[in-house]
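Please report on the metal site and the charged side chains of this model. Keep it brief.

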Amino acid sequence: MKKILTSVLLLTTLIHSQSSLEWVTHFEKSNFLETPRYTETMKYFQKLANFSEFAVFDSFGISPQERNLNYLIVSKDKVFDPVEVKKTGKPVLLIINGIHSGEIEGKDACMLLLKDILATKEKINLTDNIVILVVPIFNVDGHERMSPYNRINQNGPKEMGWRTTSQNKNLNRDWMKADAPEMQAMLKLFYSWLPDFIIDSHSTDGADYQYTITYGVEKFGNIYSGTAEWLTEEFIPSIEDGVNNKGFLVHPYVYLKEWRKGLDAGIVDWAATPRFSTGYAALQNRPSLLIETHMTKPYKDRVYSTKAMIETTLEFLNLNHQQLIELNKEADEKSIEELTVKKQYLPLTFNNTDKFEEINFKGYNYYWDSSTVSGTNKLVYNNEKKDFKLKYYNDVIVTDSVLLPDGYLIPKEWEYLVEILKLHGIQVEVLTADTMLDVTKYHFNNVEFSNSSYEGRPQVKFNYMSFTKNQAVSSGTFYVPTNQRTVRVIANLLEPKADDSFIKWGFMNSIFERTEYFENYVMEKIAVKMLEDNAELKKEFESKLIEDEEFRNDADARLNYFYSKSPYYDKNFNVYPIVRAE
Ligand SMILES: [Zn+2]
């Protein structure tokens, strides 16, 4: 009997080890030094889906170089449709890897974790109360631009992908403007699933220190206050404990106050603008986690620490799944109530104050030495571990905010903006009759274009004045009501002073162009007539000549003065075509 039992045990162990062997990842086989290419990665994910009844591998779009953008859906209820998943009451976690595909540890970490969940089923309980969506590689074209030389500061893998896409677009600056086809596909995925929690995995640049992994969450005025509180009080302590207990030193994201001064000037916390994943999730009333492993640590440690952080998040979300669903529902409802019913101010821009707290920081000793290369002082780290007192600037204040109207009116000729609004899950109506409405309009001045292209766009800066008017609005005009759950996204795209608004990204630069010009000999005659007919104008002009020397000596400015007050002047020049319906 004993002999039979031993044989059975041996056989079981053999089968187990064979099945484990079958699931060994490229990263493991390479002695933790390499990451697999696109095709091999996708085969592994497909194999997981073929093997497990709890997973489906699907595509959500196609890249400019015609690679499929894929994602794995993991559902213990075997429900793989977003509408049906919502009915189960389980939250959805979206994990995005390789938005910067040179920073690819999230992909290898997810392969290891999914092996534990779906293949060996050792950690199948991590899916008890959550549906998980995993994007193995978001920037798929960038991923295949592989080289050992793509990340100068980074310690492995042996070869890695490139930061930006095949069109040289940085997907993690593209969440709002959605220029990249990959981002347009991601927003459709986001809108159709509306995930309850988002993880975005990176490897950082910056100073050298002992922490293997750092993280960021949104907790200032750019996110619903209840979500900020939950992340700060519940999630962060849990994630720090969990990752520490799994053997990795963890710290909030280390963003240097002054890049060239290293840690000397301290580090800052900040409110991410919505061009970034975490800032975008905040506008969608959803909590998110930014993972940033430390670039100088071995690739193996970076992958396993990322796995530890994702696993800890899964443990936390499994325990708090009900709370998360309720929190997101509350964030959606309260955002509508606070911003559109009670008409509270929506914060739009943020800045750090000079306040800081001193924190203990596990760094490496460093000193400044003269450099014959740069001709200035250079920063030199040694491997000596040292605990520092560090200035942590974590007081973030609102620098500008806005009161929202009942809705925004977008003339039909700007329909392509409406298409982007729809990608964000924003509901847009169309007026079916001509009507007169009280509206607020913006008139821009001091318009300045950037000297260089940023993210493929010439950005624009301006000041503006607002004025109210009873205006004819024609049938076919688009109407974007603000009383919807995407209210924060709407305001950040349509209010000119928001940093990620369409107008600031340069989507509407043609409105800043003058297209008709006067001949001086024509304008001279009209100006004389205007002076004869209008005593007020004559008085104003004459006192301007006395008071303003520059104006007095500028012939063009003098003629322009009359042109701008004549009926020939373009009423739409520098006027924002989108108006607020109050
Ligand atoms: Zn990154």
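A salt bridge is a side-chain nitrogen of Lys or Arg within 4 Å of a carboxyl oxygen of Asp or Glu. This is a predicted model, in which local features need pLDDT of at least 70, side-chain atom pairs count only at pLDDT 80 or more, and totals for chains, interfaces and linings use all residues. Residues are numbered from 1 along each chain as its sequence is written, and side-chain values use heavy atoms, with hydrogens and water left out.

**Salt bridges**

The whole structure holds 38 salt bridges. Three of them are tabulated here.

| Pair | N to O distance |
|---|---|
| Glu84 and Lys87 | 3.2 Å |
| Glu103 and Arg163 | 3.3 Å |
| Lys342 and Glu337 | 3.2 Å |

Glu84 and Lys87 sit three residues apart in helix H4 (residues 82-88), about one turn of the helix. Helices (H or I, at least four residues) and strands (E, at least two) are DSSP runs, numbered from the N terminus. Accessibility is classed as buried (under 20% relative accessible area), exposed (over 50%) or partly exposed (in between), using a 1.4 Å probe and protein chains only. Glu84 is partly exposed because its relative accessibility is 36%. Lys87, at 62%, counts as exposed. Glu337 is partly exposed at 29%.

The side chains of Glu103 and Arg163 also meet in a salt bridge. Glu103 lies in the loop between E3 and H5, and Arg163 in the loop between helix H6 (140-143) and helix H7 (181-193), so the pair ties together parts 60 residues apart in sequence. Glu103 is buried, at 2% relative accessibility. Arg163 is partly exposed, at 30%. A network of salt bridges links Glu103, Arg151, Arg163 and Asp205.

**Zinc site**

Which residues coordinate the zinc ion? His100 (ND1), Glu103 (OE) and His202 (ND1) do, at 2.0 to 2.1 Å. Donors are N, O and S atoms within 2.8 Å of the metal (3.2 Å for Na, K and Ca); water is not among the atoms, so sites may look incomplete. The donor spacing in sequence is H-x2-E-x98-H. The His100 and His202 pair links distant parts of the chain, 102 residues apart. His100 is in the loop between strand E3 (92-96) and helix H5 (105-119), and His202 is in strand E5 (residues 197-203). Are these two histidines, His100 and His202, buried or exposed? Both His100 and His202 are buried.

**Asp556**

Asp556 belongs to helix H17 (residues 555-565). Its relative accessibility is 48%, so Asp556 counts as partly exposed.
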